[in-house]
Amino acid sequence: MGKATGFLEYERIKPKKRSPEERIKDWGEIRLSRDPEVIKTQGARCMNCGVPFCHGGVLLNGMASGCPLHNLIPEWNELIYKGQWEEAYQRLTRTSPFPEFTSRVCPAPCEGACTEGYIMEPVTINSLEYEIIEKAFAEGWVKPRKGKATGKRIAIVGSGPSGLSAAYYLKAVGHDVTVYERSDRVGGLMMYGIPNMKLEKRIVERRFTLLKESGIQFVLNTEVGKDISSQELVDQYDAVVLCAGATKARGLDVEGKDLKGVHFAVDFLKANTKSLLDSNLQDGNFISAKGKNVIVIGGGDTGTDCVATSIRHGCESAFQFEIMPEPPAKRIEEHNPWPEWPKMLNVDYGQEEAISLYGKDPRNYLISTKKIVGNENGEVTEVHTVEISWVRDASGRMVPQEVQGSDKVWKADLVLLAMGFLGPEDMIANELKLDRDPRSNVKAEYEVFETNVDKVFTAGDMRRGQSLIVWALQEGKLAAREVDKYLMSKSVIK
């Protein structure tokens, strides 16, 4: 705990952000550093709760409750309050390999499970993590990690969070690690799937530099299964860890889905960030929303990112369709008890910006898309929708039912599908004849991570399906432990 009575004396103060009016003019990060005294008092709010659910990392009702990395949150909160910043950094990185990523893009299930949040506002855990790691970089405490050489060679496929996490821990215990990435930059969806304003790419590059300095080898622009066979890696290396993600985007099976101007959200976001990094959007190699009426089909973080990106392009309008009902303003205890992840209405940065610009939240709930209509040139011009209600069918399942007379036509020049992902791509799995689970993910037990093919392991979204970055980091760490055990008969990775 921090101060014994801190939770009674200090109110939660949310992280500072640049104003929507200012930040929509550029692609810089929206978060601002906090006043040192505010940081101290926010650390002091951590109470002596007895059982700190914040670092539980369990699934309750299908959702994460507490930190999957099992971060020792009360301990570094207390160290912040006492001004012992380097010790706080050491405590944080005892469990977390890359706090600079999670503090920016993790939705903070730790805060949802904070004991203080049961009766009042939870501790600002996520922003305190951000302050610790940024101070650590500023003070030069973050160093490359590499252990005594073992002579064992490991190939990792994919440089997203699970792949980088596995590489980090395997190199730390002395193995020779090579990471294969099909893109031209390291980071996977952290590089191209998350916009710059949420995670500036200099932050990814900063960590990439440290990983290279530790001795990890990176092979870019190389797609395993195409430019080099999967079997070749199995034959050449002592172990292979597959961390290629769940990148098969979910489509929309309606009339007009193939019209010009209908795109997967991930393609829209990836092209934008690549063009931004390559030429500051001067090369024209991106899908522009400038002057267009944009419809984003799907909620969640990706939908928010599409809205925010479209606004920065200078779109004419932006609307977001969600098939589920609007969440309540507060947690409903009888249906969503603490410490489950709180199902509450959250106005994220993209919605804040839309409200600032257009005067209203861009989200429209209980909306189902019926068809997409285009002109004689095959270009999208309209989206036709209907309102729905959720009712129980004869088997007791909740199913959508159309509301009669609720048909509506929306003007649209650009339609972005932000409906999640179906699972990993098939090329590697098919070549190695890997077993798959019912959701098409590569089959491997949690905390074992070994596939049906000898010396081939898998972790992250490729194993569990689309999930949180914090789960990917934990799976990468635990997969590294299992690979280390496989090669050395025991492991110090925890």
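This is a predicted model: local features need pLDDT of at least 70, side-chain atom pairs count only at pLDDT 80 or more; totals for chains, interfaces and linings use all residues.

Biologist: Is Tyr168 buried or exposed?
Modeller: Tyr168 is found in helix α9, residues 161–172. Its relative accessibility is 9%. The cut-off for buried is under 20%. Therefore Tyr168 counts as buried.

Biologist: Which residues is Tyr168 in contact with, leaving aside neighbours within four places in sequence?
Modeller: Glu121 is 47 residues from Tyr168 in sequence, and their C-alpha atoms are 35 Å apart. A contact needs heavy atoms within 4.5 Å. The contacts of Tyr168 are Pro97, Phe98, Arg145, Arg207, Leu211 and Ile216.

Biologist: What is the strand order of the open sheet of five strands?
Modeller: The pairing is parallel. The edge strands are β8 (262–264) and β11 (363–365), each pairing on one side only. The twist averages 25° from one strand to the next. The order is β8-β16-β9-β10-β11.

Biologist: Which residue in β16 is the bridge partner of Ile297?
Modeller: Strand β9 covers residues 293–297, and strand β16 covers residues 414–417. Four bridges join these two strands, which run parallel. The partner of Ile297 is Leu417.

Biologist: Which strands of the sheet does helix α13 touch?
Modeller: Helix α13 spans residues 265–279 and packs on the sheet. Its direction makes about 80° with that of β8. The strands touched are β8 and β16.

Biologist: How many residues apart are Glu353 and Arg23?
Modeller: Their side chains meet in a salt bridge, 2.6 Å from N to O. Glu353 sits in helix α15 (residues 349–358), and Arg23 sits in helix α2 (residues 20–23). The pair links distant parts of the chain, with a separation of 330 residues.

Biologist: Are Glu353 and Arg23 buried or exposed?
Modeller: Buried means under 20% relative accessible area. Glu353 has 0%. Arg23 has 1%. So Glu353 and Arg23 are buried.

Biologist: Where is Glu29, which forms a salt bridge with Arg104?
Modeller: The Glu29 and Arg104 side chains meet at 2.7 Å, N to O. The two residues are 75 residues apart, and Arg104 lies in helix α6 (residues 99–105). Glu29 is buried, and so is Arg104. Glu29 lies in the loop between α2 and α3.

Biologist: Which residue forms a salt bridge with Arg463?
Modeller: Arg463 is in helix α17 (residues 461–464), and its partner is in helix α18 (residues 469–488), 12 residues apart. Both partners are buried. The closest N and O atoms are 2.6 Å apart, and the partner is Glu475.

Biologist: Which residues do salt bridges that share partners join into one network?
Modeller: The count of salt bridges comes to 35. The bridge between Glu353 and Arg23 is one of them. The network holds Lys17, Arg23, Arg312, Glu352 and Glu353.

Methods. Residues are numbered from 1 along each chain as its sequence is written. Side-chain values use heavy atoms; hydrogens and water are left out. Buried means under 20% relative accessible area, exposed over 50%, partly exposed in between (1.4 Å probe, protein chains only). Two strands pair if DSSP finds at least two bridges between them. Axes are lines fitted to C-alpha atoms, for helices over the stretch in contact, and angles run from 0 to 180 degrees between N-to-C directions. A salt bridge is a side-chain nitrogen of Lys or Arg within 4 Å of a carboxyl oxygen of Asp or Glu.
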